[in-house]
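Open the model in your viewer and keep the selection tool ready.

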Amino acid sequence: MNIHGNIWLNGPNGLKVGAGRKHLLDAIRHTGSISAAAKKTGMSYRHAWEMVEDMNRRSVVPLVEKATGGRFGGGARLTPEGEKVVAEFEDVSKRFKIFIETARS
């Protein structure tokens with residue numbers, strides 16, 4: 001029998017962060033752009049934007065800070081809270097992976 005599972009972090013106000021949202025946050029961190037992050041993760045810009053808006057709305061403190069475009073271009077970056085959520089997801093994922101490997105033994 002195989003053991004599988006998914007990780008979801010649930011916060012107050014209905015915030016949910018799973019693997020897809022974590023990958024989007026990672027991509028925003030590395031690219032500095034929601035548009036570039038959407039391309040990197042294989043999702044549409046609209047879907048990525050809606051995910052960011054939902055996470056920011058449901059989080060006590062926004063996870064992504066956005067700058068509108070213009071002459072010098074826009075951009076996006078993770079807030080300290082966004083960095084914290086990514087780090088927590090990575091930590092829980094590592095511990096879950098160890099649990100799964102132990103359970104398979």
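For sorting residues, Ala, Val, Leu, Ile, Met, Phe, Trp, Tyr, Cys and Pro count as nonpolar, Asp, Glu, Lys and Arg as charged, and the others, Gly among them, as polar. This is a predicted model, in which local features need pLDDT of at least 70, side-chain atom pairs count only at pLDDT 80 or more, and totals for chains, interfaces and linings use all residues. Residues are numbered from 1 along each chain as its sequence is written, and side-chain values use heavy atoms, without hydrogens or water.

**The largest pocket**

Select G11, P12, L15, E81 and V85. Of the 13 residues lining the largest pocket, these lie nearest its centre. The lining holds seven nonpolar, three polar and three charged residues. Now colour helix 4 (80-104). Helix 4 gives the most to this lining: three residues. Helices (H or I, at least four residues) and strands (E, at least two) are DSSP runs, numbered from the N terminus.

**The largest nonpolar core**

Next, select V17, L24, L25, I28, L63 and V64. They have the most contacts inside the largest nonpolar core, which has 23 residues. Such a core is a set of buried Ala, Val, Leu, Ile, Met, Phe, Trp, Tyr and Cys residues joined through side-chain atoms within 4.5 Å. Elements giving two or more residues to this core include helix 1 (19-31) and strand 4 (75-78).

**K22**

Finally, go to K22, in helix 1. Is K22 buried or exposed? K22 counts as buried because its relative accessibility is 9%; buried means under 20% relative accessible area, exposed over 50%, partly exposed in between (1.4 Å probe, protein chains only). Beyond its neighbours within four places in sequence, K22 is in contact (heavy atoms within 4.5 Å) with V17, V86, F89 and E90.

Conventions
1 Å grid on protein atoms, 1.4 Å probe; cavity = no way out; pocket = protein on both sides within 12 Å on 5 of 7 lines; lining within 4 Å.
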